[in-house]
Amino acid sequence: MFWSDATQLMTFGNAKLWPIYMYFGNEPKYHRCRPSCHLGNHVAYFQKLPDSFKDFAGTHTKGKGIGRECTTHCHRELFQGQWRVLLDDKFLEAYKHGIMIICCDGITRRFYPRVFTYSADYPEKVLVATIRQLGGCPCSQCLIPMNMLHCLGTSCNRQQRATLAHSNTLRSQLVATARDLIYKNNLGVDSTAVESILKSNLWVPNNNTFSDSLGPFGFNIFIVLVVDLLHEVELGVWWMLLVHLLRILTTLNKDLIHECSILVFDGLFPDAHNKIVIGLLFTMSHWHGLAKNSILDETTTDLGEQFRLFKEMELDREAKEAVKQAENGKGKGKEKEKASPEQSCDVPGPKQVRKKKSFNIQTYKFHMLGDYVASIRLFGTTDSYSTEPGELEHRMPKARYHHTDKRAFVHQLTQIERRPSVEAHEMANNPQLHHHISQGEKMYNDFSQYLRDHARDPTIREHILTRLKPEITELPAEISACSDQLNSILFKCHQLYHHNLARFNYTTYDVRRAQDVINPWTPHCNIMLLKNRNDDGHGGEYCYAKVIGIHHVNIFLFVRWYETVQDHMWETCTLGRVRFRPLSHQNAFGFMDPGVRDPGGCGISPLAGDKHDWHEYYVNSFVDRNTIMHFHYGLGVSHVYSHKAKACLITQMTAQTESEPSESRESLSNNTHRQGPANNDDDNEQDDDGHYVGVGFFDQGLNASTESLAQALD
């Protein structure tokens with residue numbers, strides 16, 4: 001797997017390097033994508049035409065020099081010539097017959113090297129594929145013309161990508177004819193005869209080393225040039241869309257530009273356009289999250305429709321602005337009077353009109369969104385061959401550059417040992433454990449002093465009374481906070497210990513071990529758990545809470561529960577919204593299970609830190625791939641609870657085909673959903689020790705380890 005990209009070695013200066021990196025596809029992608037594993041092999045550093053080349057060309061053309069087209073042609077020839085050195089006869093022999101290697105276990109095996117992928121940005125793809133940059137058919141994989149690039153996701157577009165794909169056979173014949181005209185008949189590179197042969201298919205008169213050397217073995221260089229999520233989407237279409245939305249907001253109201261972000265675009269546009277913009281942003285976020293998975297086909301179709309609808313909205317808006325400007329221009333023209341020469345010196349000139357920026361979807365980057373489905377099916381998920389690992393590998397030569405004399409640095413970089421020693425880093429905590437919270441006792445409060453310090457807080461004393469003494473919970477609700485029952489709560493050493501971090505081990509959607517860290521003092525303090533029933537009147541499989549403290553007498557998390565305002569809906573392109581439960585709600589607080597807050601429903605709690613709370617919060621379903629798969633209920637391989645729910649659904653639908661759908665859904669909800677904050681404490685499931693079970697990230701049988709996952713799957 002090859003990566004290549006030119007880079008600047010220093011922030012100031014003109015020292016540049018053009019490395020080619022090679023990774024072995026046999027290594028797990030989770031290791032290849034981590035620069036700390038040092039799995040990138042620096043195969044070569046490509047050379048460009050030196051500055052002396054112009055002088056050399058001038059001496060052979062009687063001082064006239066050569067044109068830009070001829071210089072570009074020589075640059076392509078140099079690039080392909082360097083690849084010809086790498087793909088030499090020895091490599092081709094190994095490619096055909098294999099190579100015998102003694103492995104670490106002492107066994108001799110035969111290996112067959114194969115070029116699996118080539119990751120590069122668009123200018124370098126053009127060099128490798130030997131096509132014209134941004135020509136009439138700019139794609140490196142097909143011949144779809146520029147005026148058809150906007151048809152993303154349509155059935156016609158899918159068919160054209162297959163029927164108009166680049167062909168090695170047709171190209172080699174045309175290029176051979178054109179090169180004969182150049183090198184035998186002394187015609188120019190951009191002469192009419194050469195252009196008539198190559199321009200229709202956008203070829204250039206250069207031999208392609210990959211096609212010439214590996215083509216007889218069935219190798220297709222155009223397929224190997226994989227999609228580039230970093231430059232084509234994240235720094236391409238996504239960036240273009242967000243910048244254009246900011247331009248629209250500027251024209252509507254310049255003050256809005258200081259308030260907007262991706263989650264609060266809703267309501268900033270006129271009502272007629274607001275739904276279109278929010279739908280496009282939601283679909284684009286969804287597509288970007290799935291671009292590293294293999295369930296992208298329908299989402300790509302929806303994305304193309306959303307972009308075309310947005311373009312129609314943009315054209316309609318521009319037409320209305322043009323009519324408005326024309327009407328204003330007519331009124332002002334009658335009032336204008338010709339100024340005298342003396343007055344014209346004092347009167348400032350007319351204000352320069354800003355150039356209009358139209359939203360353009362007829363671009364190569366937008367067109368490439370349609371190739372992700374085929375690339376994922378052929379090569380796997382895009383994080384395996386994105387250009388991001390190559391960009392991160394640039395750190396290595398940049399660091400080594402400081403160990404050279406800054407003059408002949410390319411040769412000196414090749415002499416530096418490429419493979420530093422790699423030490424195995426074990427996880428700080430045992431991955432078999434579900435969670436880890438420090439047992440340290442450095443930070444603590446005397447509990448009596450703690451209660452006195454928070455005597456006026458509307459949460460702490462009532463919460464401790466009702467949750468830590470089971471026999472007290474049966475007392476009447478009007479019990480006073482000053483009751484003698486408060487004095488019967490006993491703690492070992494009479495101390496309450498505090499912690500800043502809690503670590504949770506879990507299994508990701510693709511059956512990988514991962515660890516999450518919760519810190520109440522940072523934005524990384526919100527948690528998502530499975531719930532058992534729709535206690536807040538909304539659907540969905542999850543409930544949400546904010547961790548406001550990590551303590552142990554025996555360890556517990558002090559949380560504030562959110563209530564659902566709006567469910568996450570794929571069909572309507574809406575994100576879920578939540579808000580903190582009001583002070584008067586019975587289950588506003590909890591120690592990872594329902595708690596109570598001030599029954600009077602008034603006041604501000606210093607412990608809860610609710611002075612600066614927002615009215616509502618968005619649930620970011622696109623924060624990472626694992627979270628997206630949580631909301632695609634049943635598609636995550638390691639989300640065993642969703643598999644059980646799906647299997648239960650199929651069983652009930654088969655056994656009760658004649659029953660009412662509402663009854664089936666109610667039965668499924670009661671049998672498959674996990675425990676969350678409920679209104680009735682008697683309904684909460686408890687184990688023999690009185691602990692609540694079935695809580696998403698804290699259920700050791702669900703998300704703890706690979707061993708527990710295997711047992712659950714069995």
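This is a predicted model: local features need pLDDT of at least 70, side-chain atom pairs count only at pLDDT 80 or more; totals for chains, interfaces and linings use all residues.
Me: Why is Phe 222 called buried?
Reply: Buried means under 20% relative accessible area. Phe 222 has a relative accessible area of 3%, so it counts as buried. You'll find Phe 222 in helix H10, residues 221-224.

Me: Which residues does Phe 222 touch, not counting residues up to four places away in sequence?
Reply: Phe 222 touches Ala 129, Ser 140, Gln 141, His 166, Ser 167, Asn 168, Arg 171 and Trp 203. Look at Lys 125 too: 97 residues separate Phe 222 from Lys 125 along the chain, yet their C-alpha atoms are separated by 9.1 Å.

Me: Ser 140 is on that list, so what makes Ser 140 buried or exposed?
Reply: The cut-off for buried is under 20%. Ser 140 has a relative accessible area of 1%, so it's buried. Ser 140 lies in the loop between H5 and H6. Leaving out residues up to four places away in sequence, the residues it touches include Lys 125, His 166, Phe 222 and Tyr 364.

Me: What about Thr 130, is it buried or exposed, and how do you know?
Reply: Thr 130 has 0% relative accessibility, so it counts as buried. Thr 130 lies in the loop between helix H5 (122-129) and helix H6 (155-163). Thr 130 also has a positive phi of about 55°, although it is not a glycine.

Me: Which side of the cut-offs does Asn 186 fall on, buried or exposed?
Reply: Exposed means over 50%. Asn 186 has a relative accessible area of 67%, so it is exposed. It has a positive phi of about 60° although it is not a glycine, and Asn 186 lies in the loop between helix H7 (168-183) and helix H8 (192-198).

Me: What makes Phe 219 count as buried?
Reply: Its relative accessible area is 8%, so Phe 219 is buried, given that buried means under 20%. Phe 219 lies in the loop between helix H9 (209-214) and H10. Setting aside residues up to four places away in sequence, Phe 219 touches Tyr 95, Val 115, Asn 168, Phe 210, Leu 214 and Val 224.

Me: And how do you know that Val 115 is buried?
Reply: Val 115 has 9% relative accessibility, so it counts as buried. Val 115 sits in the loop between strand S7 (108-111) and strand S8 (118-119). Val 115 and Val 224 are 109 residues apart in sequence and 7.9 Å apart in space, C-alpha to C-alpha. For Val 115 and Phe 219, 104 residues apart along the chain, the C-alpha separation is 8.5 Å. Leaving aside neighbours within four places in sequence, Val 115 is in contact with residues including Phe 2, Phe 91 and Tyr 95.

Me: Why are H11 and H12 called roughly antiparallel?
Reply: Angles over 145 degrees count as roughly antiparallel. Helix H11 (residues 229-252) and helix H12 (residues 271-290) pack at about 165°, with their axes 12 Å apart. H11 and H12 are therefore roughly antiparallel to each other. Their contact includes Leu 241 and Leu 245 of H11 and Val 277 and Leu 280 of H12. By class, it has 12 nonpolar, 2 polar and 1 charged residues.

Me: Which residues have the most contacts inside the largest nonpolar core?
Reply: They are Tyr 118, Leu 241, Phe 307 and Phe 310, in a core of 87 residues.

Definitions and conventions
Residues are numbered from 1 along each chain as its sequence is written. Side-chain values use heavy atoms; hydrogens and water are left out. Helices (H or I, at least four residues) and strands (E, at least two) are DSSP runs, numbered from the N terminus. Buried means under 20% relative accessible area, exposed over 50%, partly exposed in between (1.4 Å probe, protein chains only). Contact means heavy atoms within 4.5 Å. Axes are lines fitted to C-alpha atoms, for helices over the stretch in contact, and angles run from 0 to 180 degrees between N-to-C directions. Angles under 35 degrees count as roughly parallel, over 145 as roughly antiparallel, 65 to 115 as roughly perpendicular and the rest as oblique. Ala, Val, Leu, Ile, Met, Phe, Trp, Tyr, Cys and Pro count as nonpolar, Asp, Glu, Lys and Arg as charged, and the others, Gly among them, as polar. A nonpolar core is a set of buried Ala, Val, Leu, Ile, Met, Phe, Trp, Tyr and Cys residues joined through side-chain atoms within 4.5 Å.
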